[in-house]
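This report describes a helix pair and several loop positions in one protein model. The sequence and structure are shown first.

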Amino acid sequence: GRAPGILTRSIEDNLQPSLEIIQSCLNLSDKEVTKLIVRQPGLLLSFLENLLNTEEDDLATLRKAIMGNPLVLFWSEETMLGIQQWMKNRLGLGDAKIAQMCRNSPQILTMKVATLEEKVDWAQAAMSLSDEELCELFGQFPSLFGYDPVQKLQPKLRYLRKRLNLDDQGLKDLVTKQ
């Protein structure tokens with residue numbers, strides 16, 4: 001991306017402190033910070049307040065998430081709280097489970113609630129899942145939010161049903177039972 005606004009920023013007041021914060025909080029090498037900033041130069045123009053309040057245990061996870069998707073630094077708190085609230089209401093998940101899911105599959109935080117809802121509704125209908133089974137499935141495998149149900153999941157369910165000669169209950173048991 002381009003960030004011509006970088007040229008209007010003070011080295012001492014903005015650029016240098018921002019680079020130092022990014023590098024020290026995420027424990028990045030000079031090469032890694034360069035790669036990150038070249039991919040997302042807008043990082044130098046934003047204040048990284050959220051990083052400063054991150055718990056020590058979560059820094060490695062945060063570092064991985066940011067290196068994989070630098071836009072994570074620009075997600076609004078309102079958007080993330082909306083997703084969290086939806087997960088609480090729709091899936092009945094607690095804060096700790098939601099945090100774990102988002103650490104393991106940070107792409108969840110980039111999705112619209114309507115998209116998440118469509119995927120959950122599809123899975124529930126396609127496999128005749130109860131609310132509890134739905135919660136268990138997505139709680140255990142949050143990466144399912146990243147799949148296109150029609151393009152990726154439906155063909156797999158169809159194949160398993162046919163190849164293993166499963167009825168609806170058999171398919172549901174295969175997917176939900178451990």
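Thr110 counts as partly exposed, because its relative accessibility is 41%. The structure is a predicted model. Thr110 lies in the loop that links helix H6 (95-104) with H7. Between Thr110 and Met80 there are 30 residues of sequence separation, yet their C-alpha atoms are 8.5 Å apart in space.

Helix H7 spans residues 113-127 and helix H8 spans residues 131-140; the two pack with their axes 10 Å apart and at an angle of about 120°. H7 and H8 are therefore oblique to each other, since an angle of 65 to 115 degrees would count as roughly perpendicular and one over 145 as roughly antiparallel. Their crossing is right-handed. On the H7 side, the contact is formed by Lys119, Val120, Ala123, Gln124 and Met127, which meet Asp131, Leu134, Leu137 and Phe138 of H8. By class, the residues of this contact comprise six nonpolar, one polar and two charged.

The loop between H7 and H8 holds Ser128, a residue that is not a glycine but has a positive phi of about 50°. Asn165, also not a glycine, has a positive phi of about 55° and is placed in the loop between helix H9 (149-163) and helix H10 (168-176).

| Residue | Relative accessibility | Class |
|---|---|---|
| Thr110 | 41% | partly exposed |
| Ser128 | 43% | partly exposed |
| Asn165 | 69% | exposed |

Asn165 is classed as exposed because its 69% relative accessibility is over the 50% cut-off.

Conventions. Residues numbered from 1 in each chain as written. Predicted model: local features only at pLDDT ≥ 70, side-chain atom pairs only at ≥ 80, totals over all residues. Heavy atoms only, no water. Axes fitted to C-alpha atoms, helices over the stretch in contact; angles between N-to-C directions. Helix = DSSP H or I, 4+ residues; strand = E, 2+ residues; numbered from the N terminus. Parallel < 35°, antiparallel > 145°, perpendicular 65-115°, else oblique. Left-handed = near helix turned anticlockwise from the far one by under 90°. Contact = heavy atoms within 4.5 Å. Nonpolar A, V, L, I, M, F, W, Y, C, P; charged D, E, K, R; others polar. Buried < 20%, exposed > 50% of the residue type's maximum accessible area, 1.4 Å probe, protein only.
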